[in-house]
Amino acid sequence: MAAVRVHSSIQSSLCILSHPLYSTSRHLKTRLHFPRPLFSSPSFSSGRALFCSCRADNFKGSEREVSDSFVLTTPLYYVNAPPHMGSAYTTIAADAIARFQRLLGKKVIFITGTDEHGEKIAAAAACGSGPSEHCDVISQAYKTLWQDLDIAYDKFIRTTNPKHEAIVKEFYSRVLANGDIYRADYEGLYCINCEEYKDEKELLENNCCPMHLKPCVLRKEDNYFFALSKYQKLLEETLTQNPDFVQPSFRLNEVQSWIKSGLRDFSISRASVDWGIPVPNDNKQTIYVWFDALLGYISALSEDNEQPNLQSAVSSGWPASLHLIGKDILRFHAVYWPAMLLSAGLSLPKMVFGHGFLTKDGMKMGKSLGNTLEPNDLVQRFGSDAVRYFFLREVEFGNDGDYSEDRFINTVNAHLANTIGNLLNRTLGLLKKNCQSTLAVDSTLAAEGNAFKDTVDKLVEKAKFQYENLSLSSACEAVLEIGNAGNLYIDERAPWSLFKQGAAASEAAAKDLVIILEAMRIIAIALSPVTPRLSLRIYEQLGYTKEQFNATTWSETEWGGLKSGQVMAQPKPVFARIEIEAEGGDGGEAAKKVVKKKEKIPHTQGVAQA
């Protein structure tokens, strides 16, 4: 996964020099001397990182610090293979965050995309079509999956896009002019699968990579290096002064530990890889990994109808509010990337959030174990709402999480089909039978002096707080508590009995139905970042249109939306309960088959296109 390689070990740096920048080594040539910087650069003696307000003179006024904007990114996923559940999890979480921010009225730019350069891509393409065609196929597979998962991204950047290449070359030249790129020889053991040099002490017997269990090969290359060690002190001070820069907080401790152990310069070019962006001052080498894919976060901001350049891209939304990544690529986003930005005189992103890994039935997933979890299969079997809800509700965001099919089905059935879906369905059924599907009073009037309204108000505020703090599981829990409270309320009030009594009791029962339906309206909005399809169906059952749903804001979670005389739709299930049936398999063994108890809900949607 990429501005980033998901398969890369976090324990090793990319082609790291074994000596400090200014030490004498038989591997290092004389450091190159470059002309006076072409651009103004940050003052490193100031001890301050650039967080929005601090920037190079050339970029004054070009970076925007707008309170109503929110720019977030997923990694650019590596196209060596089709998308997997790990990349889907990151993107689902990012989409939920983006949708919540849009509900708050923020101008959201949600960036995702694919990293398409490198030796491994060329090798994968050699087995069939050329690298360009290979990248087209895999990149489209990501777009298709994102559509099926209701991922409403705003920008999809491919690192083979010409505008990205232009931004990367300009950024490279800027860092070069600042004196932070030099040339050196490097010799070491190289893992082709990881596309990185390995330290001998981390390898297994026969110099085998601990991740891929294949022997590393001895390589010697003449490459360009980035002077990461130069930024040691400034990065230490940056993290001390901005403790929220890396989240969750225990990830910050990891990053500070890496930096304190000593930063080493790393290679940013390859002479042996043709499939990449040529180094501006040396067309015999290509820019490698971090100086390519990481820049996708900025190049994605360039408009397609304008000449791509760094300044225009930066002025269109940088710095990012949030980089959302897996913990395996934390070092590159929380150490390498900030140093690169400081060198180029650009502001740092506001936050890097590293989430955990997924396991299946308590075991690490892998093709060799035959226990991979395919996101396409999950969506086709269970639908996007179920997949999105399970992983965001059941995995505490930031920590590792586990998937099991039984737990998946039990959770989704209990929460979405029963607590939410059944509550709406039986309430609308009672309204149809006793009130001709028409609300008798305003929801504000119905709830006067009713403690249930206060409970809902508190849970809405709780959900908002959790969303804002990226506690997605807790946000889901708070919204579900509204459903639980609603079920308890209707069971205690028993409006079906009150209607039979007539007169005042019947009027009270009609108010009770309005109260529950108002709570369902609020649930639909509050849960929409997580389950957009389900929320739309709830909203439509309440008599609203799709256009009205798409125009909702978080402020509409305030009690009082439903009005007297509003006509509700005919009751029908909004979420089909998942059932498991046993069917005969080979040898008479029983096999599991997933079926929907109710009629399958149409699979329609609208998402942002690239």
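The largest cavity is lined by twelve residues, of which His117, Gly118, Ile287, Tyr288 and Val289 lie nearest its centre. A cavity here is a set of points, on a 1 Å grid over the protein atoms alone, where a 1.4 Å probe fits but cannot get out, and lining residues have an atom within 4 Å of a point. Rolling a probe the size of a water molecule over the atoms shows where empty space is left. The space in the largest cavity comes to about 60 Å³, a volume being the space filled by probe spheres set on the points, which are joined across faces, edges and corners. The structure has four cavities of 30 Å³ or more.

The model is predicted: local features need pLDDT of at least 70 and side-chain atom pairs count only at pLDDT 80 or more, while totals for chains, interfaces and linings use all residues. Residues are numbered from 1 along each chain as its sequence is written, and side-chain values use heavy atoms, with hydrogens and water left out.

Ile287 also belongs to a sheet, where Ser269 stands opposite Ile287 in S11. Strand S11 covers residues 282-287 and runs antiparallel to S9, to which two bridges join it. Helices (H or I, at least four residues) and strands (E, at least two) are DSSP runs, numbered from the N terminus, and two strands pair if DSSP finds at least two bridges between them. The sheet is open, with three strands in the order S9-S11-S10 and antiparallel pairing. Its edge strands, S9 (269-270) and S10 (277-279), each pair on one side only. Helix H4 (residues 162-177) packs on this sheet and touches S10 and S11; contact means heavy atoms within 4.5 Å.

Some backbone features deserve attention. Most residues other than glycine have a negative phi, and most peptide bonds are trans. Gln247 and Pro248 are joined by a cis peptide bond with omega of about -5°, and Pro248 lies in the loop between strand S7 (246-247) and helix H6 (249-260). Another cis bond leads from Trp318 to Pro319, with omega near 10°.

Asp150 has a positive phi of about 60° although it is not a glycine; the loop that holds Asp150 runs between helix H3 (131-148) and strand S3 (155-158). Asp150 is buried, with a relative accessible area of 4%, where buried means under 20%, exposed over 50% and partly exposed in between (1.4 Å probe, protein chains only). Ala503, in helix H18 (residues 503-526), has a positive phi near 55° and is exposed, at 64% relative accessible area.

Terms used: Axes are lines fitted to C-alpha atoms, for helices over the stretch in contact, and angles run from 0 to 180 degrees between N-to-C directions. On a 1 Å grid over the protein atoms alone, a cavity is a set of points where a 1.4 Å probe fits but cannot get out, and a pocket is an open set with protein on both sides within 12 Å along at least five of seven lines; lining residues have an atom within 4 Å of a point.
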